[in-house]
Amino acid sequence: MNSRACAAQAVYEVLEHGRSLSDSLVSAQQACTNPKDKGLIAELSYGVLRWLPQLDIRAQDKLSKPFKGKNRVIHHLLLVGMYQLIHTRIPGHAAVSETVEACRQLGAKGLAGVTNGVLRSVQRDLAAEVNTSTDQQWPSDTLQYAHPKWFIEALKADYPNHWRLILEANTERAPMWLRVNRRKISRDEFLDALEAEQIDANPTIVGEDAVLLAEPCDVRKLPGFDDGWFAVQDLAAQQAASFLPVQENLKTLDVCAAPGGKTCHWQERADNALNMLAIDIEPKRLARVTENLTRLELKADIKVADAASQDWWDGELFDAILLDAPCSATGVIRRHPDIKWLRTKSDIQELSQLQSKILQNVWTMLKPNGVLLYATCSVLKAENQTQIVDFLAARTDAELVPIHEYETPQQPGWQILPGTDGMDGFYYARLQKRA
């Protein structure tokens, strides 16, 4: 299949069958006849999911009746075609002809004429819009910001002054951050190595180990990948290790550790001297932790375990715990636009209950005077600030250790919003157990 057909198939799997884009994209790229088109398939799939409501309403306006059943994939192919016309520099004639050919390849030869007619009509509309208006105005926030209504309402309630900025940041393309492995190479030395390869990159004052690439690229083409000089990790996620103790032989626990970025960074900052256990409920994802530890030459015991239970615990208390709680991932939508369409309002309540259960459970495994760092990649207060307020109110042995001076038990933690200093959306709250 050509790249347009593969992209339509990837989007179809997300929107019709609830698969994650990362999974459906792999299958779609494997089905493509030209391996060089993998990047284009990703661009088209991500783009359609990023701007879905605006593309969808245009398609509905052009069709006399919606596609149903097995022909739904052709509806998503139309969105792929429109995304090319509106958001890429692909010449219009190529976008239309390749998309029509994709229609035939998807087994819908009889709909090729409709596909061609719809895309030609959109081309004419776009030409007319250029002549009459500079900014498209949409009749609803869902269309204007390309997010589901329930999520926009939640943001308005949590961030009455910033909700638009969050939504706009979510539609941006995420930058590529690297974390330099300080046990292997200094940040300055790594920047010199990048410069020698004519790769434009810069340090940042927010993260001591962070490097920002001017343009995302294939990680294996960067110097020192096989030697463990660096890892790919957003700057927001890199903040976790700086809030955790790093003394030699501390008994530490990383809860919900996969894929292991924070596990590795914590050990890097401790010069691999922590007595660390990393657990996760999914064996397949835990394999990524092992892979990352091996490449970066770091150590940690790995265990498949349910953080909401204690049947895996030997009863020995931990000095420090990092709880990267399962969450809605609404802080990383710019990297995973499928999250917008796979999450529902009811998911948030279920996740909040699970987060509370895990937090209560692993808190009992912490030594007196021990530190627990609670983290999520969510921007919703129900999963973050409210979670910690309720925990502090219920536990007389828990005390907030502020990361920033403005924190109080009534407003605990550091909420990073998407786009702040180039970071993903993240939340951190540091707690200590009273002796």
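## Helix pair H1 and H2

H1 passes H2 in a right-handed crossing, a crossing being right-handed if the near helix is turned clockwise from the far one by less than a right angle, and left-handed if anticlockwise. The contact (heavy atoms within 4.5 Å) is made by Cys6, Ala10, Glu13 and Val14 of H1 together with Leu21, Ser24, Leu25, Ala28 and Ala31 of H2. Sorted by class, the residues in the contact of H1 with H2 are seven nonpolar, one polar and one charged. Here Ala, Val, Leu, Ile, Met, Phe, Trp, Tyr, Cys and Pro count as nonpolar, Asp, Glu, Lys and Arg as charged, and the others, Gly among them, as polar.

H1 spans residues 3-17 and H2 residues 21-31; they pack at an angle of about 150°, with their axes 8 Å apart. H1 and H2 are therefore roughly antiparallel to each other (under 35 degrees is roughly parallel, over 145 roughly antiparallel, 65 to 115 roughly perpendicular, the rest oblique). Axes are lines fitted to C-alpha atoms, for helices over the stretch in contact, and angles run from 0 to 180 degrees between N-to-C directions.

## Basis of the model

The model is predicted: local features need pLDDT of at least 70 and side-chain atom pairs pLDDT 80 or more, while totals for chains, interfaces and linings use all residues. Residues are numbered from 1 along each chain as its sequence is written, and side-chain values use heavy atoms, without hydrogens and water. Helices (H or I, at least four residues) and strands (E, at least two) are DSSP runs, numbered from the N terminus.

Over residues 166-434 the chain is 28% helix and 23% strand, and the end C-alpha atoms are 36 Å apart.

The UniProt annotation "active site", also from an unreviewed entry, covers Cys377. Cys377 lies in the loop between strand E9 (366-376) and helix H17 (385-394). With 17% relative accessibility, Cys377 counts as buried (under 20% relative accessible area; exposed is over 50%, partly exposed in between; 1.4 Å probe, protein chains only). Beyond its neighbours within four places in sequence, Cys377 is in contact with Cys327, Ala329, Thr330, Gly331, Val332, Gly425 and Phe426.

## Backbone details

Ala258 and Pro259 are joined by a cis peptide bond with omega of about 5°. Pro259 is in the loop between strand E5 (251-255) and helix H13 (261-269).

Ala146, a residue other than glycine, has a positive phi near 60°. Ala146 lies between helices H8 (141-145) and H9 (149-158), in the loop, and is buried at 0% relative accessible area. Asp421 has a positive phi of about 50°; it is exposed, at 52% relative accessibility.

Conventions: UniProt positions renumbered as here; feature names shortened; annotations may be inferred.
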